[in-house]
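Please keep the sequence and the structure in view while reading.

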Amino acid sequence: METLSGLGLVGLFLGSFLAATVVPFSSDALYVGVLIAGISPWTAFVVGTVGNWLGGLTSYWVGRVGKWEWMEKWFRVNRQTLENQKTKIDKWGPMLAFVSWVPIVGDVFAVALGFYKVDFLKSSVYMLLGKAARFAVWNLIYFCF
């Protein structure tokens with residue numbers, strides 16, 4: 001992470017992108033690091049949000065190309081379990097993308113939205129709003145302290 005924070009905005013973008021995929025990484029610590037390093041909070045907000053959003057969309061598309069047969073074979077998840085999950089995904093739909101910023105489960109939501117072919121445009125908008133809200137909160141904390 002020190003290497004990424006040393007790269008400034010490029011590091012923030014890459015770290016935020018990777019953190020929104022299935023790579024276990026925290027963009028929050030990196031974001032705070034670039035704020036402390038003196039990068040403009042507004043610039044960091046845009047770069048962090050776009051990187052995290054594009055990473056989330058990548059996870060969505062990874063799910064989108066997935067096949068039921070692969071889930072059964074490689075992850076040993078039976079079709080009934082997948083159908084039960086689909087019912088839950090259908091209940092919340094694209095709004096689930098809003099919480100795709102939540103560590104660990106957010107990545108799973110993004111992949112699931114793609115896997116179950118939930119509307120891309122709506123999912124991407126909710127995802128962008130959720131990711132932006134996350135970094136906006138960090139900016140508020142930064143400005144308050």
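Which helices each supply at least two residues of the lining of the largest pocket? They are α3 (27–36), α4 (41–64), α5 (68–74), α6 (79–92), α7 (105–115) and α8. The model is predicted, so local features need pLDDT of at least 70 and side-chain atom pairs count only at pLDDT 80 or more, while totals for chains, interfaces and linings use all residues. Residues are numbered from 1 along each chain as its sequence is written, and side-chain values use heavy atoms, with hydrogens and water left out. Helices are DSSP runs (H or I, at least four residues), numbered from the N terminus.

**The largest pocket**

- A pocket is defined on a 1 Å grid over the protein atoms alone, as an open set of points where a 1.4 Å probe fits, with protein on both sides within 12 Å along at least five of seven lines; its lining residues have an atom within 4 Å of a point.
- The largest pocket has a volume of about 720 Å³, where volume is the space filled by probe spheres set on the grid points, which are joined across faces, edges and corners.
- Its lining comprises 39 residues, and D107, V108, F109, V111 and A112 lie nearest the centre.
- Helix α7 gives the most to this lining, with 6 residues.
- By class, the lining has 25 nonpolar, 8 polar and 6 charged residues; Ala, Val, Leu, Ile, Met, Phe, Trp, Tyr, Cys and Pro count as nonpolar, Asp, Glu, Lys and Arg as charged, and the others, Gly among them, as polar.

- R134 lies in helix α8 (residues 120–144) and is buried, at a relative accessible area of 10%.
- Buried means under 20% relative accessible area, exposed over 50%, and partly exposed in between (1.4 Å probe, protein chains only).
- The side chains of R134 and N52 are joined by a polar contact of 3.1 Å.
- A polar contact is a pair of N or O atoms within 3.5 Å; within protein, one must be able to donate a hydrogen and the other to accept it, and residues adjacent in sequence count only if both atoms are side-chain atoms.
- A polar atom of the R134 side chain also lies 3.5 Å from the backbone oxygen of W101.
- Beyond its neighbours within four places in sequence, R134 is in contact (heavy atoms within 4.5 Å) with S27, D28, N52 and W101.
- S27, in helix α3, is buried, with a relative accessible area of 0%.
- Not counting residues up to four places away in sequence, S27 touches G15, S16, A19, N52, R134 and F135.

**Aromatic pairs**

- The structure holds 10 aromatic pairs.
- One of these, W68 with Y116, is edge-to-face, at 6.0 Å centre to centre and 75° between the planes.
- This pair links distant parts of the chain, 48 residues apart: W68 is in helix α5 and Y116 in the loop between α7 and α8.
- Rings of Phe, Tyr and Trp (its six-membered ring) pair if their centres lie within 6.5 Å; planes under 30 degrees apart count as stacked, over 60 as edge-to-face and the rest as tilted.
- W68 is partly exposed at 22% relative accessible area, whereas Y116 is buried at 8%.
- W42, Y142 and F143 form one aromatic cluster.

**Positive phi in loops**

- I104 is not a glycine, yet has a positive phi of about 70°; I104 is placed in the loop between α6 and α7 and counts as exposed, at 70% relative accessibility.
- K117, likewise not a glycine, has a positive phi of about 55°; K117 is in the loop between α7 and α8 and is partly exposed, with a relative accessible area of 45%.
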